[in-house]
Amino acid sequence: ESLRKIIKQKKYKKVLQEYAKKKIDWSHSSLFDLKKEIRLFLRNQQKERCIYCRRVIKPERKNTNEDIEHFLDKSKKHYRKWSFSCVNLSISCHACNFQKSTKDMGDSSIKTSSSLKYNSGFYKWIHPYFHSYHQNIEIHSGWIYSIKRNAPNPIQADNLIRECALDKVQTIEKNAEDIKETTYQITLEISEAIRNEDYALAKELTNKLENYQEESWFNY
């Protein structure tokens with residue numbers, strides 16, 4: 001089932017008309033079921049990853065870790081008409097959405113356009129549907145973001161990395177990355193010991209790994 005089919009369901013026709021006529025706003029209770037369907041569809045489509053930082057969004061009570069993201073902010077009057085446009089909807093982690101806030105992602109051409117397309121104007125960040133994220137941004141081990149060599153949209157990639165503060169993710173994820181690195185190194189040592197038929201050392205290292213994993217179980 002596509003996102004378009006979800007939004008076009010007959011049961012939501014009236015409430016969407018009321019929204020279009022500005023009789024209700026995005027937070028109105030009558031939109032709850034539709035927004036839930038949108039959120040669950042997008043979460044599955046994005047494989048539970050944030051559209052901006054690409055980290056897995058951990059499910060949380062009342063979905064406080066994730067937001068339905070409008071690339072062109074629905075609070076701006078010239079973008080409100082695209083509140084339920086499929087190419088304007090995605091899922092982001094709350095942190096990235098907070099960082100983006102109400103930044104204006106379109107130029108004057110997009111503001112006056114009657115439809116959202118790749119060539120409607122200049123999008124200031126990598127667009128979730130009109131640009132290829134991984135052709136423009138490379139994520140290195142340890143959550144280090146950089147503009148990919150020969151990126152087709154280097155300006156948008158740079159804007160996204162800087163303005164979404166993706167350079168902070170490395171520090172945020174440092175503890176988990178340190179645990180993964182230590183686990184990986186001990187595993188390599190075990191493999192080396194087995195290759196050398198030093199089974200006593202392999203057993204010792206296996207015990208070390210088990211103890212380390214137990215100690216670190218709740219730390220990431």
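In this predicted model, the side chains of Asp104 and Lys111 come together in a salt bridge, with N and O 3.0 Å apart. Both partners sit in the middle range of accessibility: Asp104 is partly exposed at a relative accessible area of 21%, and Lys111 is partly exposed at 26%. The bridge is one of 13 found in a search of the whole structure. Side chains of opposite charge can pair when their charged atoms come close.

Two further bridges are worth a look. Arg61 and Glu60 meet through their side chains at 2.8 Å, N to O. Here Arg61 is exposed, with a relative accessible area of 66%, while Glu60 is partly exposed at 32%. Asp167 pairs with Lys168, the closest N and O atoms being 3.7 Å apart. Asp167 counts as partly exposed at 47% relative accessibility, and Lys168 is partly exposed at 48%. Elsewhere, salt bridges with shared partners link Arg39, Arg43, Glu48 and Glu66 into one network.

Glu66 lies in S1, which covers residues 66-70, and Arg39 lies in H3, which covers residues 32-45. The side chain of Glu66 makes a polar contact of 2.7 Å with the side chain of Arg39, and another of 2.7 Å with that of Arg43. Glu66 is buried, because its relative accessibility is 5% and buried means under 20%. Arg39 is also buried, at 12%. Beyond the neighbours within four places in sequence, Arg39 is in contact with Asn63, Glu66, Ile68 and Ile91. By contrast, Tyr79 is 13 residues from Glu66 in sequence, yet their C-alpha atoms are 21 Å apart in space.

H3 itself has 14 residues and reaches 20 Å from its first C-alpha to its last, close to the 20 Å expected at 1.5 Å a residue. The buried residues of H3 are Leu34, Lys35, Ile38, Arg39, Phe41, Leu42 and Arg43. These buried residues pack against helix H1 (3-7), helix H2 (13-20), S1 and strand S2 (89-93). Just after the helix, Lys47 adopts a positive phi of about 55°.

Turning to the aromatic side chains, the structure holds seven aromatic pairs. In one of them, the rings of Phe71 and Tyr123 have centres 6.2 Å apart and planes at 55°, so the pair is tilted. Phe71 lies in the loop between S1 and S2, and Tyr123 in the loop between helix H5 (108-112) and helix H6 (133-136), so the pair ties together parts that are 52 residues apart in sequence. Phe71 and Tyr123 are both buried.

Tyr19, Trp26 and Phe84 form one aromatic cluster.

Note on methods
Residues are numbered from 1 along each chain as its sequence is written. This is a predicted model: local features need pLDDT of at least 70, side-chain atom pairs count only at pLDDT 80 or more; totals for chains, interfaces and linings use all residues. Side-chain values use heavy atoms; hydrogens and water are left out. Helices (H or I, at least four residues) and strands (E, at least two) are DSSP runs, numbered from the N terminus. Buried means under 20% relative accessible area, exposed over 50%, partly exposed in between (1.4 Å probe, protein chains only). Contact means heavy atoms within 4.5 Å. A polar contact is a pair of N or O atoms within 3.5 Å; within protein, one must be able to donate a hydrogen and the other to accept it, and residues adjacent in sequence count only if both atoms are side-chain atoms. The expected span of a helix is 1.5 Å times one less than its number of residues. Rings of Phe, Tyr and Trp (its six-membered ring) pair if their centres lie within 6.5 Å; planes under 30 degrees apart count as stacked, over 60 as edge-to-face and the rest as tilted. A salt bridge is a side-chain nitrogen of Lys or Arg within 4 Å of a carboxyl oxygen of Asp or Glu.
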